[in-house]
Amino acid sequence: MKTNYIALSVPIFFILIGIELAYTFYKKLKYYRLNDSIANLHQGIGSQLVGLFGKSVLFLGYLYIFEHWRLFEIPNTIWTWIVLFIGVDFFYYWFHRMSHQINALWAAHIVHHQSEEYNLTVALRQSWFQGWFSWVFYLPLALIGFDPIIFLTLSSFNTLYQFWIHTRTIKSMGFLEYVLNTPSHHRVHHGSNPKYIDKNHAGTLIIWDRLFGTFQKEEEEVYYGITKPLASWNPVWANLHYWKDLIETAKKSDNISDKIRVFVKPPGWFPEKLGGFQYAPEIDVVNYRKFHTETTLKVMIYAVLLFLVALALGSYQLFYFDKLTLLTNILIASFTVLSMLTCGALLEKKRWFVGAEYLRYLLGLATLYFLYRLDFELIWLLGSLVVHLSMMIYFFLIKSKYRNA
């Protein structure tokens, strides 16, 4: 049975985020903004939820090749683990590099780069759909004959390693900078400065970037985010906006070959009719501003409550997904996504927030009723109902004033 190391690490993630937050507050370093951090964590919750529904299907490809086409019988030894660790990191580098060089892949991976901050919450800002294609890059390992469970374990640890490098509190790490992917190297990767774009694709070992010519040392100040800022806290839009741009560009292209190239060429590519390749602009330091929205304390408290609801339900599904029916999982996941969506709308003062929140409450009550009919534990259901009704009361107190927040 595969252990979900990512799920087990969630408490550690939040402890480390709390430590970094406390340190930056003590040092008066403005590395965190509440609205940005909530948006980052929403992407992490959504990524895990979507992954739960597709994990078995996606794993079948690796498993099928291993069982039917593998070339060697590889024993389970320490050397197997070491070689496979290097193999996983090597193919991660190429998956990551191609995700920056092929528009259709960048449309998913772009989510991880949208934040204009750089802190540990950014590590959890993951695409909801990247997992639907990333597994293809690792299939050579199945063909060689590496055990699927060992592969999944080492792949998880490769992902976990990358959590701590999303920080600005650690500067240089001396000689380790030559071998490992460090916070300094990864800050470069998240930069929108032209000299930093498409550099340092490493997972654990920076040696791949040094070998294949994509290494860049951290030099001038890094400006984080993407060249065309998302300017939204909407978690669904964050996963779809680049697809919209690609489809619109393809529609404007004259011939079928250019329409295809839109999706397979690097970001910035356009047909000659539309101006040709558009390079990333230099950072306008004087006029540079991060996307930000101001809200009152009451509204921000409600946004935090919405986030906590999504976090609690997302965490619950991470641990109990296999014990619930498909319909139950769909209902809970839908309510979780709607909670994140209305939270983003609240922070952006969208007109449709109130209507969406009414819908969320109706869906929440329907979900609780359905769970009651399935004989869920009464204490859990009553507690959820109390939270739901309490938030509903608070919602009615702020809904008429939130646009002026």
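In this predicted model, 75% of the contacts in the protein chain between residues at least 6 apart in sequence join residues at least 24 apart. The secondary structure of the chain consists of 16 helices and zero strands. The radius of gyration is 22 Å, close to the 22 Å that the globule rule gives for 405 residues, so the protein chain is as compact as a globular protein of that length.

**Overall dimensions and surface**

- Taken along the principal axes, the box filled by the C-alpha atoms of the protein chain is roughly 60 × 55 × 55 Å.
- Of the 405 residues in the protein chain, 50% are buried.
- The protein chain has an accessible surface of about 20,500 Å², and carbon and sulfur atoms account for 68% of this area.

- Empty space left among the atoms shows up when a probe the size of a water molecule is rolled over them.
- The count for this model is one cavity of 30 Å³ or more.
- The largest cavity holds about 150 Å³ of space.

**Lining of the largest cavity**

- The lining of the largest cavity is made up of 18 residues, and those closest to the centre are Q114, R125, L230, S232 and W233.
- Two or more lining residues come from each of the elements α2 (34-69) and α11 (235-252).
- The element that gives the most to this lining is α2, with five residues.
- Sorted by class, the lining has seven nonpolar residues, seven polar residues and four charged residues.

Key
Residues are numbered from 1 along each chain as its sequence is written. This is a predicted model: local features need pLDDT of at least 70, side-chain atom pairs count only at pLDDT 80 or more; totals for chains, interfaces and linings use all residues. Side-chain values use heavy atoms; hydrogens and water are left out. On a 1 Å grid over the protein atoms alone, a cavity is a set of points where a 1.4 Å probe fits but cannot get out, and a pocket is an open set with protein on both sides within 12 Å along at least five of seven lines; lining residues have an atom within 4 Å of a point. Grid points are joined across faces, edges and corners, and a volume is the space filled by probe spheres set on the points. Helices (H or I, at least four residues) and strands (E, at least two) are DSSP runs, numbered from the N terminus. Ala, Val, Leu, Ile, Met, Phe, Trp, Tyr, Cys and Pro count as nonpolar, Asp, Glu, Lys and Arg as charged, and the others, Gly among them, as polar. The radius of gyration is taken over C-alpha atoms; the globule rule is 2.2 Å times the number of residues to the power 0.38. Buried means under 20% relative accessible area, exposed over 50%, partly exposed in between (1.4 Å probe, protein chains only). Contact means heavy atoms within 4.5 Å. Accessible areas come from the Shrake-Rupley method with a 1.4 Å probe; for residues, only the protein chains shown count as cover.
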